[in-house]
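Please consult the sequence and the model below while reading.

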Amino acid sequence: MSGLVDASATDFTAELVRRAIGDGAHAAQVTNVNLDRFEIDFSERKVDLLRSTANETTSLGVLRDGKRGSATLNGRDPDDIDGALRTALLAADAGLADPANAVAEASSLPPSRHGAEMADRDAMIATVLAYIRELSERYPLIRTRNSTYTFFVKDTSFANSLGVHQRQRRAWYQFGAMFSAKDGARATSFNYSGAASYVPFEQLLAVGTVGRLIEETLRSFDARPVSEKFIGDVILTPDCLFHLMFVFARALGGYEFLAGTSPYKEKRGETIASPLFSLLNRPLAEDFPEGADFDGFGIPTADLDIVKDGRLDNFLVDFYIARRLKLPQTAGVWNFVVPAGERSLDDIIAGTRRGIILSRFSGGRPNSNLDFSGVAKNSFYVEDGEIRHALTETMVTGSLQQLLKNIHAVSREQVNFGDHAYPYLAASGVTISAK
Amino acid sequence: MLDRLQDYARSFDGYTELRWHTNHAVRLVMRKGALLQNSQSREGGVSARCYRSGAFGFASRPGDTEEATKAALAEARANTALYERAVGPCPASLPQTAPGTGIYDYRSRRVPLSPSERTDLLRWLNDAIAQKYPGLLNTDLVLSSLAMEKALITSEGAATHSYIPRTVLLFGLSMQANDGPIELSDVAGGFGDLQDQCYDLEPLLERIDALYVALREKADGTHCEAGVHDVVLDPLVAGILAHEAIGHTCEADSVLTGSVAGDYIDQPVASEKITLGDYGGRGPDGKSDLPIHIDDEGTPCRDVTIIENGVLKGFLHNKDTARRLEAEPTGNARAFAFGDEPLVRMRNTAILPGVDRLDDMIAAVDRGYYLMRASNGQADWTSEFMFGITRGYEIRNGKLGRAIRDTTISGVAFDMLKTVTHVGDTLRWMEGAWCGKKQLIPVGMGGPALKCRITLGGQ
């Protein structure tokens, strides 16, 4: 067992698979993740915390007679490893036979390494201190909380009993900022944003939409509701799409098909959105440090067009759902890109007769039909092509299905968050109301 | 484990916490009879946190070996040194509190459920639902338990060990309505390990029957009229309101970063019928599903009255916010996993019950809504809040009417609470509540029913 404790991650996963089979599993897969992190956490005008963490997590999945069981442990204590193997096998014995349960046959990729070997921690602190100074000087009314600048190293090894072996190491920098503005008794809503990159950020204010959102926050002191209920345009920002595209994608994913609740199950090949809209899955994008070379079943990822020019070309189906529902396996990892359009954001705003710029949707979880209803946070009222005022206590209601069909403009500006990339989208037909 | 940690106390240099922390979890997920997840996990390690020159250095390692513990301590110190190198030394100290001590081990003494018993519970339930209600579009069953086990020592002399288990069984049903699928879910469970729960089939099926009836009513239900309405909030919705709209606003780190609550201390912010607090132990009635006695900085958890008879009275603190606001730490520093640092977090947050009966509150509404279940919620540092509502009914002439479809409620909490005219006589806690703020963490949320005015979304 001491060999296991000292083994490389590749040998460790392979040996655990071998032991699972030796102990009675009919098939097995093991994923081992080593995650190291160095984080600088800061609030207000000072650094609060320097945090470095290390963890090694191993997930064992075993099959017996078509029944699945799994166990997760961290570290390499020999007793814990024995215990996890026993636990997974007992869980499988107690499981339910399902012909869709299996380990995947796939080609083994050469090990990959993405990103820096290590971070320059002193340089990261200097960047944070420069950001804090800049905030103080340029934006004295801005308050921040739990903003973090982090360097991650994630080393993932995979093996299964069909001889598939995968390994990828990804290292990246990530910045996340949370802020509001306060001027005496006047306060704005909080807002947040961030992004990830393979290379260190030179200037944190320039990360993603952080600088823009800070400027918008300072213009939000005198927020007020819309004056009346109306049906108008909505300009969805990249930060807003970050949330809404997951809602949309879930409806295209196999687990909603299994539930029978997706409105899109029978619509492959049909037009479901404006021809201006495409949704692409790009886990292999070179500028997505949080992409992936292989998925949780060890299957190499592939770039795939989900919606192309408004037409639903592919579903998001992982290995299990593909077997369960007899659909083509397409995507076990989601990293979305909505391609940029041709109009500038300023031009889109100028062409808006009446509507809102929706920067954050704070709402109840949209139902299976993708109807949504919620509060427009960090948002602005637009009339006759001009931004009039910041909004508070304003609700937006509509159908995401219909909204995608009603898209009439896509911005040429696009924001890369490090795992997804989105432009601004403008659509009509959303109900906007105040209390 | 506490004894082993004590061996390192001699090596502490300045303010230091040393925590061993393991989360034990079981999770089974069944959708339409397919067992999508059947897993058990144990994730633990040791962490150290030091304080020097006004900042913390934190480090963690998996396992509980001497090597891991020494490495965590050394790297936490190195992180404080790195900070001092960048900004220069600066004298700063945290407020000292009475060191929390004691063993709070709520581990079950019953025989654990076997893997087969867990699976059988879901299978029986699924089969019973499928047989009784064949027209359902989908059935989701999720059985999950989490026990957080911690041993903590600090340079101030705190020494404590705790094992806090909680278990939840979620059942969700979907059916096809005329205009698309609709869903409802409910949860059963609470404090204790899996084997402590009363998961007998008959009472569970009675709850599922009730959920099915509510689902049918919702399928035939109506959309709310958008606008401001008189409403009665069910205790479980009032509990989310207490947590999201008031509790977050009154966390001292939010106050430091601009929460409007900072401007309202000792001012009326609610009807004088409202008293709201964040409580240690298992809450004021001893019935929440989250016992907590000593926080992760070693401070004994004391009850905090946030609003007393409508007047804002206090905030939730860890040592650092208490230092900055010249207050007393309240025992609100909590960490979710061994690699997480303690943050200002709520514990058991609740509005205290009043004297009104639910029936009387509904009877007092001429035209409005009874809102029974919330899906998710968010609140702002301005106290503006939003919750999704998944279950409710119209109130017409003091009586319940048609069921309503999913909607959203919103408002500004410090305005909305002033509209409260009735406070129910029964405190109820939500089962299996969670909070997300950098880290997820289990919390308690509770309240009585409230009658108030609130903004509803509609079509």
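## Domains and chain contact

Chain A is divided into domain 1 (2-218) and domain 2 (222-435), with bounds that come from an automatic or database domain assignment. The structure is a predicted model, in which local features need pLDDT of at least 70, side-chain atom pairs count only at pLDDT 80 or more, and totals for chains, interfaces and linings use all residues. Residues are numbered from 1 along each chain as its sequence is written, and chains are lettered from A and ligands numbered from 1 in the order in which they are written.

The C-alpha centres of domain 1 and domain 2 of chain A are 25 Å apart. Between these domains of chain A, 29 residues of domain 1 are in contact with 23 residues of domain 2; contact requires C-beta atoms, placed from the backbone, to lie within 7 Å. On the domain 1 side, the elements of chain A that give two or more residues are β1 (27-43), β4 (112-114), β6 (147-160), β7 (165-183) and β9 (191-197). Strands are DSSP runs (E, at least two residues), numbered from the N terminus.

The contact between the chains takes 68 residues from chain A and 69 residues from chain B. On the chain A side, strand β2 (residues 46-64) of chain A gives the most, with 12 residues. The classes of both sides described are tabulated here.

| Side | Nonpolar | Polar | Charged |
|---|---|---|---|
| Domain 1 of chain A, touching domain 2 of chain A | 11 residues | 16 residues | two residues |

Ala, Val, Leu, Ile, Met, Phe, Trp, Tyr, Cys and Pro count as nonpolar, Asp, Glu, Lys and Arg as charged, and the others, Gly among them, as polar.

Strand β2(A) also pairs with strand β3 (residues 55-62) of chain B: five bridges join these strands, which run parallel, where pairing needs at least two DSSP bridges. Leu49(A) stands opposite Phe56(B) in β3(B).

Note on methods:
Contact = placed C-beta atoms within 7 Å. Helix = DSSP H or I, 4+ residues; strand = E, 2+ residues; numbered from the N terminus.
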